[in-house]
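Hello,

Please find the structure below. Notes on what was found in it follow.

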Amino acid sequence: AVVSTQSTGASIICAGHDNCPVLYNVTSDSLNFGAKLDVDKKKTGGGVSAMARFKQLDSRGADDKGTNLDTTHQNAIVELRVTKVDGAELKQFSSVGKDGKLVFWDVDALVAAISGLKI
């Protein structure tokens, strides 16, 4: 799935089997990787000591190696759509995945969360 971010076509957002929207910048003679747009919001550590974590795992009889991915979508993205524009600028787009999720991505929030990102 592909979405153009501006009427000038200066960059595009693609998505598919990697479960994450990816920005590419377009120049006259090349297509350059910009950034993965799915910012990891998980907090590491969680303030649980190693002993407390072991006790929790032991009491449940399971380990914490689930199949959850570090991406918002847990399966391939099959569709991207422009949902909001301001003049020629993309402000919001949506993605739909095989996991059944419909996600709205706010471009201004992505730019603020990812340092050096230009869309």
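D108 is partly exposed, with a relative accessible area of 44%; buried means under 20%, exposed over 50%, and partly exposed in between (1.4 Å probe, protein chains only). This is a predicted model, in which local features need pLDDT of at least 70 and side-chain atom pairs count only at pLDDT 80 or more, while totals for chains, interfaces and linings use all residues. Residues are numbered from 1 along each chain as its sequence is written, and side-chain values use heavy atoms, with hydrogens and water left out.

Salt bridges

A salt bridge here is a side-chain nitrogen of Lys or Arg within 4 Å of a carboxyl oxygen of Asp or Glu. By this rule there are three salt bridges. D108 meets K91 at 3.6 Å, N to O. D108 lies in helix 2 (residues 107-113) and K91 in strand 6 (residues 89-97), so the pair ties together parts 17 residues apart in sequence. Helices (H or I, at least four residues) and strands (E, at least two) are DSSP runs, numbered from the N terminus.

K91 also forms a salt bridge with E89 (3.8 Å, N to O), and E89, K91 and D108 are linked in a network. K91 is buried at 19%, whereas E89 is partly exposed at 44%.

E79 and R81 form another salt bridge, with the closest N and O atoms 2.4 Å apart.

Four strands form an open antiparallel sheet in the order 1-2-3-4; two strands pair if DSSP finds at least two bridges between them. Its edge strands are strand 1 (2-4) and strand 4 (31-36).

Regards
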